[in-house]
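Hello,

Here is the structure for you to look over. My notes on it follow below.

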Amino acid sequence: MKAAFLIGHGGNEAVAVGEQPIPQRNPGEILVRMKAATVNRVDLYMRDSGAGITHSLPQIIGVDGAGVIEEADSGALVGRRVTRCPGIVCGACEFCNRGEPVLCVKMSVLGEHRDGTMAEFVCVPAGNGLFVPDTLDFAQAAALGVNYLTAWRMLFTKAKLQRDETVLVFGVGGGVSLAALQIAKAAGSRVLVTSRSAEKLDRARKLGADAAVDAPPDKIPAEIMALTQGRGVDVIIENIGGAIWNAALKCLVRGGRIVTCGATIGDQPPADLRRVFIRQLQIFGSTLGNPTEFSDLLEWCAQGRLRPPIDLHFGLDEIRKALSHLESGKQFGKIAIDI
Ligand SMILES: [Zn+2]
């Protein structure tokens with residue numbers, strides 16, 4: 001089968017497109033004929049280093065993806081359209097038993113610890129396949145698997161977002177940030193966004209952002225206070241890290257919640273603990289999500305409340321171009337790979 005895979009580390013030279021063996025399905029698994037995947041920041045990380053993530057080469061890239069079930073234990077499943085939950089779990093540890101498989105101590109993520117989704121066929125446990133509603137095409141369904149699932153868990157499971165609360169999303173244009181904007185709007189919240197790109201802010205407004213802030217980090221708190229009558233926001237969604245962390249804490253109302261799922265510009269920010277305890281701020285870390293959360297997300301899509309924007313489509317042969325486009329940071333929405 002045709003696949004895009006890593007043959008080394010360090011730039012696009014490390015990525016090849018060619019033949020790989022079709023995975024053998026074990027009982028309890030589904031073999032999926034892939035139709036689309038999308039590229040994620042972690043694909044760039046795996047391409048360039050993969051440090052700290054146990055894996056072996058060659059390894060097929062791609063974390064999210066959607067397709068059609070080709071083989072399964074039950075014939076009734078064959079032909080169903082599915083998207084995949086990216087983490088494969090042990091099902092036996094304390095966290096799996098507690099209903100939080102996303103915390104599994106043996107979690108193995110497609111495209112990180114094992115062969116990924118940018119291939120004509122992928123094999124996963126049946127529980128990792130979730131049915132795709134008719135409202136979504138394959139690229140949109142693939143797009144949900146990392147960014148939208150992550151944003152969903154951050155907003156609802158972690159921050160326990162309530163209708164009529166105000167959410168601040170840093171760096172809109174990034175995959176999780178954009179997903180958080182859309183989901184929070186669909187939930188009935190007021191959403192403020194930041195970016196240094198006027199074009200991205202303009203597109204964020206078109207997706208429903210109530211206010212858009214283009215300012216250096218140290219000027220953002222004053223802007224946010226002006227937009228909230230001096231109160232601050234209830235929830236912050238961010239994945240930038242050190243570069244904006246201090247500014248972010250100053251944007252929160254007393255008792256406010258900040259959820260981080262990344263540290264693209266610095267992972268050791270000053271903690272400002274006095275502000276954290278006096279104002280009783282809550283800080284959450286989050287990454288990916290559970291199949292139950294993915295089901296809830298798909299239900300909203302089925303109801304027409306959410307549809308991920310796709311920036312551009314590339315073919316599997318154009319994977320290097322797609323990764324470069326992601327790296328440029330010019331995209332708005334997911335970059336799809338049609339398989
Ligand atoms: Zn487990």
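Helices (H or I, at least four residues) and strands (E, at least two) are taken as DSSP runs and numbered from the N terminus. On that basis, Gly304 sits in the loop that joins helix H9 (291-302) to strand S17 (310-315).

The model is predicted, so local features need pLDDT of at least 70 and side-chain atom pairs count only at pLDDT 80 or more, while totals for chains, interfaces and linings use all residues. Residues are numbered from 1 along each chain as its sequence is written, and side-chain values use heavy atoms, with hydrogens and water left out.

Gly304 is exposed, at a relative accessible area of 51% (exposed is over 50%, buried under 20%, partly exposed in between; 1.4 Å probe, protein chains only).

Sheet

An open sheet is formed by 6 strands with parallel pairing, in the order S13-S12-S11-S14-S15-S16. Two strands pair if DSSP finds at least two bridges between them. S13 (211-213) and S16 (282-285) are at the edges with a single partner strand each, so one side of each has no neighbour in the sheet. On average, neighbouring strands are turned by 20 degrees against each other, direction ignored; axes are lines fitted to C-alpha atoms, for helices over the stretch in contact, and angles run from 0 to 180 degrees between N-to-C directions.

S15 (residues 252-260) pairs with S16 in the parallel sense over 4 bridges, and Thr260 stands opposite Gly285 in S16. S11 (residues 166-169) and S12 (residues 190-194) are also joined in the parallel sense, over 4 bridges, with Val191 of S12 as the bridge partner of Val167. In S11, Thr166 and Leu168 point one way, Val167 and Val169 point the other way, and all are buried. In a regular strand the side chains alternate between the two faces of the sheet.

Helix pair

Helix H3 (residues 138-158) packs against helix H4 (residues 175-186) at about 55 degrees, with the axes 8 Å apart. H3 is therefore oblique to H4 (under 35 degrees is roughly parallel, over 145 roughly antiparallel, 65 to 115 roughly perpendicular, the rest oblique). The contact (heavy atoms within 4.5 Å) includes Tyr148, Trp152 and Phe156 of H3 and Val176, Gln182 and Ile183 of H4.

Regards
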